[in-house]
Amino acid sequence: MLLTLKGLVMAAVVLLLPGCSLSIDEYQGTAPNFNLFEYFDGTVMAWGMLQGRDGKQTRRFEVVIQGRIQGNTLTLDEDFIFDDGEKQQRTWVITRTSDGHYSGRAGDVVGLATGKSVGNALNWQYVLRIPVDDTTYDISIDDWMYRQDHQRVFNIATMTKWGFRLGTLTLFFEKQ
């Protein structure tokens, strides 16, 4: 069977995709610098949505975040209100471990979350325990935040389970 040029290109793309992954170090030299502690000190508002793997929006929400710093620790109290009226709270306790590196814990996070910021970006990875009906699911989160300017940050997180993409979480933050 003869392969067409289009078929060869498609095969090459498919073979190369698994090896492609974004590295936080690619953001070296971008501005403004994303200092996690500086940005989240005080009140930050956020608006977001969840999308299934098909791209369909499944939920919308607003978040009020109160951040406070004590030494090398940032505590974030997050109050969520979803479009169906559900309310949730999460408290993050984040530690600055070295220049640009962070670790954190929250009540619904399994184990330790780790992150690194370079330039205007921050990549944060963790496992979130999500209750659904009478069971819970541990979902891996690959969270990318991008500092736009003094007030705004964009956030895109990919949710996976057993290596399969389940959906996307998108947020827009605005420092008050």
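Modeller: Ser 103 is buried, because its relative accessible area is 13% (buried means under 20%, exposed over 50% and partly exposed in between, with a 1.4 Å probe and protein chains only). The model is predicted, so local features need pLDDT of at least 70 and side-chain atom pairs count only at pLDDT 80 or more, while totals for chains, interfaces and linings use all residues. Residues are numbered from 1 along each chain as its sequence is written, and side-chain values use heavy atoms, with hydrogens and water left out.

Strand β5, residues 101-105, holds Ser 103 (strands are DSSP runs of E of at least two residues, helices runs of H or I of at least four, numbered from the N terminus). Apart from neighbours within four places in sequence, Ser 103 has contacts with Val 93, Ile 94, Thr 95, Thr 97, Leu 112, Ala 113, Thr 114 and Trp 124 (a contact means heavy atoms within 4.5 Å).

Strand β4, residues 87-98, contains Arg 90. Arg 90 also counts as buried, because its relative accessibility is 14%. The side chain of Arg 90 is joined to that of Asp 108 by a polar contact of 2.8 Å (a pair of N or O atoms within 3.5 Å; within protein, one must be able to donate a hydrogen and the other to accept it, and residues adjacent in sequence count only if both atoms are side-chain atoms). With residues up to four places away in sequence not counted, Arg 90 touches Leu 76, Asp 77, Glu 78, Phe 80, Ala 106, Asp 108 and Leu 128.

Gly 55 sits in the loop that runs between β1 (42-52) and β2 (57-70). Gly 55 counts as partly exposed because its relative accessibility is 36%. Along the chain Gly 55 and Thr 168 are 113 residues apart, yet a distance of 7.9 Å separates their C-alpha atoms.

As for the whole chain, it has two helices and 10 strands. Read from the N terminus, the order of these elements is α-α-β-β-β-β-β-β-β-β-β-β. Of the 176 residues in the chain, 36% are buried. Among the contacts in the chain with a separation of 6 or more, 37% are made by residues 24 or more positions apart.
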